[in-house]
Amino acid sequence: MNVGVVGLGLIGGSMARAIKGLSEHRVYGYDIQESVRFRAKLVNAVDGELTEELLPTLDMLIIALYPQATIDYLKKVAPMLKAGAIVVDTCGIKRVVCEAVQAACQENHLIFLGGHPMAGIERSGFEASMGNLFNQASMLLVPQQDVAIETLEKVKSFFLSLGFGMVKFTTAQEHDRVIAYTSQLAHVLASAYVQSPTALKHSGFSAGSFRDMTRVATLKEEMWTELFLDNREELLAELDNVLKNLHAFRDALADKDAPALQALLKAGRETKAKVNALPRTPYSLF
């Protein structure tokens with residue numbers, strides 16, 4: 001296949017590197033920064049630059065931009081892509097994107113699947129990208145209602161070939177509901193936690209717990225602000241739930257209620273055990 005990747009940051013750059021290094025597909029990349037385009041070709045992360053002239057030759061287009069930029073770009077290039085081309089985005093939210101591009105994809109006979117690679121590191125940009133970023137990670141996909149099972153199988157095989165350990169097909173609603181907890185809430189908590197004045201005095205007093213709790217506080221605030229607002233209701237619900245739990249801990253401490261505190265800690269331990277016991281399969285359909 002001819003595969004185009006638009007946006008050569010951490011995710012897009014890693015996609016391009018993985019396609020180039022782990023498959024027989026030809027990959028063309030584009031980034032708004034000329035220096036990134038040059039660097040991608042220099043280090044052999046792409047076979048060439050993705051130009052408008054090449055758009056009609058693509059069998060698959062992967063868009064690795066912020067949500068609104070993804071919507072704007074796809075609406076612009078949809079008429080330039082050939083009928084039957086597969087388009088996958090990589091945004092951290094799905095309802096806003098999937099609903100906004102549905103009409104443009106249908107009008108131009110494109111096969112759109114909302115995508116979200118569950119992988120990342122603290123650093124961003126092309127310089128942080130790596131061909132093995134997706135090793136054993138999950139790839140979440142939200143297909144249109146009428147996508148043929150053969151196409152789903154083709155896309156599943158493609159992403160598994162890039163190192164993903166699991167491909168899970170889901171709905172935009174379910175994706176945004178769960179991701180508010182597994183990803184967005186974690187970023188909110190890390191940011192709030194690290195802003196304690198005590199954080200600046202942690203040297204010599206911290207180990208794995210501090211590192212793990214603060215890791216994702218190193219984020220791109222522009223992108224995460226957009227993601228949070230696009231998934232506002234779901235994230236608010238998760239915040240309300242964790243605030244309720246925190247208040248329960250605070251009340252137990254304030255009241256010196258050892259049995260209540262122990263019960264809260266036990267509930268957390270037992271829930272974590274259930275989480276650890278959840279099955280993991282390489283392919284899950286809804």
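The second largest pocket here has a volume of about 380 Å³, counted as the space filled by probe spheres set on grid points joined across faces, edges and corners. A pocket, on a 1 Å grid over the protein atoms alone, is an open set of points where a 1.4 Å probe fits, with protein on both sides within 12 Å along at least five of seven lines. Keep in mind that this is a predicted model: local features need pLDDT of at least 70 and side-chain atom pairs count only at pLDDT 80 or more, while totals for chains, interfaces and linings use all residues. Residues are numbered from 1 along each chain as its sequence is written, and side-chain values use heavy atoms, leaving out hydrogens and water.

**The pocket lining**
- The lining has 16 residues, and Cys98, Val142, Pro143, Gln144 and Gln145 lie nearest the pocket's centre; a lining residue has an atom within 4 Å of a point.
- Helix 4 gives the most, with four residues.

**Helix 6 meets helix 8**
- The axes of helix 6 (residues 172-194) and helix 8 (residues 221-230) come within 11 Å and cross at roughly 125 degrees; axes are lines fitted to C-alpha atoms over the stretch in contact, with angles from 0 to 180 degrees between N-to-C directions.
- Ser183, Gln184, His187 and Val188 of helix 6 touch Trp224, Leu227 and Phe228 of helix 8, where contact means heavy atoms within 4.5 Å.

Technical notes. Helices (H or I, at least four residues) and strands (E, at least two) are DSSP runs, numbered from the N terminus.
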